[in-house]
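Q: Could you walk me through this one? I'd like to start with the annotated part and then look at the packing.

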Amino acid sequence: MTPEVIAQIAAELAEADRTHAVIPRITARYPDATVEDSYAIQGVWRDSQIAAGRRLVGRKIGLTSKAMQQATGITEPDYGVMFDDTVYESGAEIPVDHFSNVRIEVELAFVLKHPLEGPDCTLDDALAAIDYAVPALEVLNSHIELEGRTIVDTISDNAAYGAMVLGTEHRRPDEIDLRWVPGVLSRNGEIEETGVAAGVLGHPATGVAWLANKFHQHGARLEAGEIILAGSFTRPMWVSRGDEVLCDYGPMGTITCRFV
């Protein structure tokens with residue numbers, strides 16, 4: 001893709017975010033678009049948001065579990081950015097009108113106490129750099145038509161990130177076996193999805209190491225204080241206005257939110 005086309009699509013996505021609209025698939029219009037093109041689009045969009053005054057607080061990793069890969073038909077992880085105005089606390093009322101469409105995923109998030117960089121970052125390196133884990137719900141939001149999406153479309157659209165709801169229980173990696181943190185996701189009192197965190201690449205922090213190595217390819221690193229949303233260990237659950245959502249993470253407490 002030319003820089004002009006990349007900038008044009010980034011502007012389309014920014015406008016779709018502002019108006020809560022959906023644009024035609026990028027891959028339908030530009031079938032030769034590559035993953036590198038899609039990260040370039042995401043980067044132009046990200047920089048425009050920062051220039052407009054939004055503050056970057058972390059990164060999301062997506063498509064890290066078999067459940068999510070099967071749900072999307074996409075077979076490799078991806079990543080996007082998270083801004084401060086997209087972070088909610090448990091108990092929040094979340095306006096449906098802020099999104100083009102709303103799905104919920106069950107995840108763990110990690111807050112870094114040290115910078116982390118590749119190219120040879122391991123799970124142990126990631127665990128040593130993590131200050132604590134906290135349960136999180138991710139709100140997915142797609143600005144690109146869902147039918148027929150590929151990873152190029154998803155990455156361009158900031159990996160379909162919409163918002164995040166953080167729990168209140170913090171655990172250091174040496175306090176709990178993070179692989180066995182459960183997630184029981186309910187909508188309006190009915191259980192819809194269940195899973196355990198080991199469903200994310202065998203250990204939920206594996207994605208943090210993957211991301212550090214991926215960033216090294218772009219001459220960047222993960223910084224202390226960043227929140228890393230590590231990927232879902234359940235399939236996405238659709239929600240609508242009026243829905244009450246509760247997720248039980250066992251020893252790591254619960255998260256609730258309501259869509260209004």
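**Domain, helix and strands**

A: In this predicted model, the end C-alpha atoms of residues 75-259 lie 30 Å apart, and the span is 13% helix and 37% strand.

Q: What does UniProt list for residues 75-259?
A: The unreviewed UniProt entry gives that range as "domain: Fumarylacetoacetase-like C-terminal".

Q: And helix 3, how many residues has it, and what span does it reach?
A: Helix 3 covers residues 35-51, which is 17 residues, and reaches 24 Å from its first C-alpha to its last, close to the 24 Å expected at 1.5 Å a residue. Gly53, which follows helix 3, has a positive phi near 110°.

Q: Which of its residues are buried, and what covers them?
A: The buried residues of helix 3 are Asp37, Ser38, Tyr39, Ile41, Gln42, Gly43, Trp45 and Gln49, and their cover includes helix 1 (3-19), helix 2 (26-29), strand 2 (78-83) and helix 6 (151-156).

Q: Changing topic: which residues have the most contacts inside the largest nonpolar core?
A: Those are Leu108, Phe110, Leu137, Leu222, Tyr249 and Phe259, in a core of 53 residues. A second, separate core has 13 residues, among them Ala10, Ile26, Val81 and Ile144.

Q: Is strand 6 mostly covered or mostly open, and what does strand 6 pair with?
A: Strand 6 (residues 130-140) is mostly covered, with nine of its 11 residues buried. Strand 6 pairs in the antiparallel sense with strand 5 (residues 103-112) over 10 bridges, and with strand 7 (residues 161-166), also antiparallel, over five bridges.

Q: Where does Phe110 sit in that pairing?
A: Phe110 stands opposite Ala133 in strand 6, while Leu140 stands opposite Tyr161 in strand 7.

Technical notes. Residues are numbered from 1 along each chain as its sequence is written. This is a predicted model: local features need pLDDT of at least 70, side-chain atom pairs count only at pLDDT 80 or more; totals for chains, interfaces and linings use all residues. Side-chain values use heavy atoms; hydrogens and water are left out. UniProt positions are given in the numbering used here, feature names are shortened, and annotations may be inferred rather than shown by experiment. Helices (H or I, at least four residues) and strands (E, at least two) are DSSP runs, numbered from the N terminus. The expected span of a helix is 1.5 Å times one less than its number of residues. Buried means under 20% relative accessible area, exposed over 50%, partly exposed in between (1.4 Å probe, protein chains only). Contact means heavy atoms within 4.5 Å. A nonpolar core is a set of buried Ala, Val, Leu, Ile, Met, Phe, Trp, Tyr and Cys residues joined through side-chain atoms within 4.5 Å. Two strands pair if DSSP finds at least two bridges between them.
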